[in-house]
Amino acid sequence: MLRALCHGILIFSILFSASAFEIGRCNCDGDSLWSIETILQCQKVSDFLIAAAYFSIPLELIYFAACSSLLPFKWIVFLFGAFIVLCGLTHLLNVFTYEPHSFLLMLSLTVSKFFTALVSFATSITLLTLIPQLLRVKVRENFLRIKAWELDREVGKMKRKEEASWHVRMLTHEIRKSLDRHTILYTTLVELSKTLGLQNCAVWMPSENKREMNLTHELKQRNSSGLYSHPIAIDDPDVMEIKETKGVKMLRPDSMLAAASSGGRLEPGAVAAIRMPMLKVSNFKGGTPEIVEASYAILVLVLPRDDSRVWSSQELEIVEVVADQVAVALSHAAVLEESQLMRDKLMEQNRTLLHAKQSAMMASEARNSFQRAMSQGMRRPIYSILGILSMMQQEKLSQEQRLVVDTMAKTGSVISTLINDVINTSTIDSERLSLVMRPFQLHSMIKEAASVARCLCDCRGFGFEFQVANAVPDRVVGDEKRIFHVILHMLATLLNGRDEGFATFRVLSYYGDKDGQDQEWVPWRSRFSDGYACVKFEFSIKKAPSDEPSSSTVQPARKPNSEGFEMGLNFNLCKRLVQMMQGNIWAVPNSKGIAESISLVIQFRLQPLTRVSDVGEASGLYRTSSGPNFKGLRVLLAENDEMNRAVTRKLLQKLGCSVFSVASGNECVDSFGSAATPFQLVIMDLDMPKMDVFEVAMRIRKSRSRCWPAIVALTASAEDDVWVKCLQSGMNGLIRKPVTLLAMGEELYRVVQNT
């Protein structure tokens with residue numbers, strides 16, 4: 001439509017110009033102010049000025065075209081320049097037409113106007129086609145302007161995001177500088193206040209009972225007597241809504257949480273709050289979180305009181321990211337605190353273990369010292385005494401001398417057993433005490449125990465009475481040494497704490513429910529059947545023999561002691577030994593709580609009547625039959641203890657052996673290899689220091705592979721695996737200490753017969 005309007009205006013101007021040629025010359029004569037000369041002068045000046053202007057405009061257009069980058073439109077600039085130059089030339093020539101002029105001037109003016117008309121017409125026609133292109137350039141310019149504005153807006157958003165991320169990185173860096181929970185929270189408050197320009201910020205933590213929220217950290221400290229220093233209930237509407245919201249929650253001005261977090265001011269600015277999960281190490285035990293009740297802390301941020309200051313989306317985004325980072329940092333701090341507590345516990349346990357280790361090492365050293373003292377100071381002398389007594393038993397003695405020697409041998413054997421028990425108890429558990437069940441003569445053992453008891457009572461100034469019922473069996477099977485030890489300990493327990501009195505030792509058969517009195521005394525019940533018999537040993541002490549109740553007097557039965565008074569550790573050990581022998585022991589106290597009598601009940605398996613040569617003596621300590629004779633048997637004895645070596649040498653010589661003794665394993669190997677006449681038997685003590693006896697035995701076997709000597713070991717150990725080790729090292733026999741003449745003779749006879 002605009003193009004059609006332009007075409008109409010152009011046609012109208014052409015027609016109007018054509019009609020102007022038909023009008024005749026103007027009658028310009030007149031006597032007014034404006035005369036012809038004046039008008040001509042004015043036109044002359046005007047044409048000159050127009051020409052000057054027209055000639056200057058092309059220069060400006062040429063400069064513009066040269067400096068402009070509008071390459072597609074340079075030609076139109078030159079067209080306009082030509083049009084303007086021709087117009088200026090026309091006006092310049094008109095200046096000279098107001099005075100008499102020549103034909104050439106008129107011709108030039110005519111040609112100039114003709115060209116000006118052509119260029120003007122061409123310019124007008126060109127503008128009709130150029131205007132739409134210029135309009136399109138304008139639209140494109142507006143489009144580019146809009147795009148540039150949008151781009152500026154996106155760049156602004158990116159800059160703000162970059163700034164926000166920078167703030168977040170800075171805050172995260174400051175928060176992660178420490179792994180202490182309080183330092184993390186305080187750093188968060190300080191850095192958020194600097195970054196966001198806050199009036200105050202605070203952290204609220206749930207209490208231990210999860211019923212209220214306590215203000216634990218605040219940027220601006222206040223007096224404890226403040227208006228809002230009290231905790232806020234956990235069921236407060238704002239608290240519950242914040243915990244249920246993942247993002248930032250804007251609080252109302254009248255909110256109790258907002259007022260309590262304002263730093264003491266009653267009218268805070270805009271207040272925002274966000275929850276922070278509180279994670280614990282226990283939530284992740286086993287690699288999978290446990291199902292526990294969620295616990296949240298609340299971070300409250302208060303802006304200054306300013307009507308123009310509100311929370312922007314960028315600031316809220318910073319708060320959300322920082323809250324997440326703080327939650328992660330707090331979880332790391334919780335892990336560190338848990339690890340620190342665990343490390344402290346481990347260090348404390350380590351110190352306790354080190355102290356216990358030192359105590360155990362000291363106890364072990366004390367135990368080893370005790371064992372060495374017991375072994376060197378008591379066990380070895382006892383072994384020597386028992387060896388000598390065993391040789392004396394083979395001599396011709398009177399009846400009284402033999403009774404004394406047998407009693408000494410029996411007592412020494414009991415002492416040896418007690419020493420071994422003490423040493424083994426300090427090394428292993430007391431429950432590993434073993435019993436040696438052998439047939440023996442019960443009456444002989446009772447007489448020997450009564451003899452020792454009479455000696456003890458005479459030494460202490462006590463009277464003594466001994467009674468044995470005829471129904472007590474003689475040949476039984478049991479541990480003679482243990483029973484002898486328990487009987488003597490019963491008497492020693494009664495004598496302790498007393499200066500005088502009369503002791504009675506009674507032995508009788510026991511049927512369990514005699515007169516119904518002993519039934520509740522003994523918690524153990526005997527198995528009364530053929531082949532078994534129960535014997536009761538009882539010691540009692542009275543002030544005088546007259547205090548002993550007669551058979552016709554009925555005395556109220558006292559119950560046995562269970563927890564009434566303390567009997568001591570040795571009595572409890574004896575009680576365990578008795579229980580191992582299917583028996584029981586108890587004490588009956590008097591009115592003052594002192595043991596008045598002690599009873600021992602043991603069930604024995606009866607030994608059928610056989611020949612004496614088949615049965616023998618169980619203990620081997622007082623057997624009078626002569627042992628085997630090994631006359632001419634060449635024996636190499638290796639024993640480090642000088643006294644035991646001398647006694648063992650004497651025992652071997654008593655058996656008829658030719659003995660060469662050494663004090664160590666090295667001397668044994670050297671003597672065995674350098675001897676002109678080979679030894680037929682090697683006896684070595686397993687407890688020799690500086691060299692392993694089992695290694696010595698294997699070296700002897702290797703050196704004499706064709707003519708093996710018999711090797712017998714001596715040991716004081718009661719362990720069962722000793723004999724297995726001896727067999728593995730190539731030994732032929734084992735003699736357990738104390739070494740007696742009869743035991744050595746029997747073992748050597750077995751070894752010689754087998755080899």
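Student: Where is Pro738 found, going by the elements on either side?

Tutor: Pro738 sits in the loop between strand S18 (733-736) and helix H18 (741-754); helices (H or I, at least four residues) and strands (E, at least two) are DSSP runs, numbered from the N terminus. Bear in mind this is a predicted model, where local features need pLDDT of at least 70, side-chain atom pairs count only at pLDDT 80 or more, and totals for chains, interfaces and linings use all residues. Residues are numbered from 1 along each chain as its sequence is written, and side-chain values use heavy atoms, with hydrogens and water left out.

Student: What joins Lys737 and Pro738?

Tutor: A cis peptide bond, with omega at about 5°.

Student: Why is Lys210 called partly exposed?

Tutor: Buried means under 20% relative accessible area, exposed over 50%, and partly exposed in between (1.4 Å probe, protein chains only). Lys210 has 38%, so partly exposed is the label. Its phi is near 60°, a positive value in a residue other than glycine.

Student: And what makes Gln582 partly exposed?

Tutor: Its relative accessibility is 43%, so Gln582 gets that label. Gln582 lies in the loop between helix H12 (569-580) and strand S12 (584-589), and its phi is near 60° too.

Student: Which residues touch the most other members of the largest nonpolar core?

Tutor: Among them are Leu442, Phe505 and Phe539, in a core of 41 residues. Such a core is a set of buried Ala, Val, Leu, Ile, Met, Phe, Trp, Tyr and Cys residues joined through side-chain atoms within 4.5 Å. H11 gives the largest share, nine residues.
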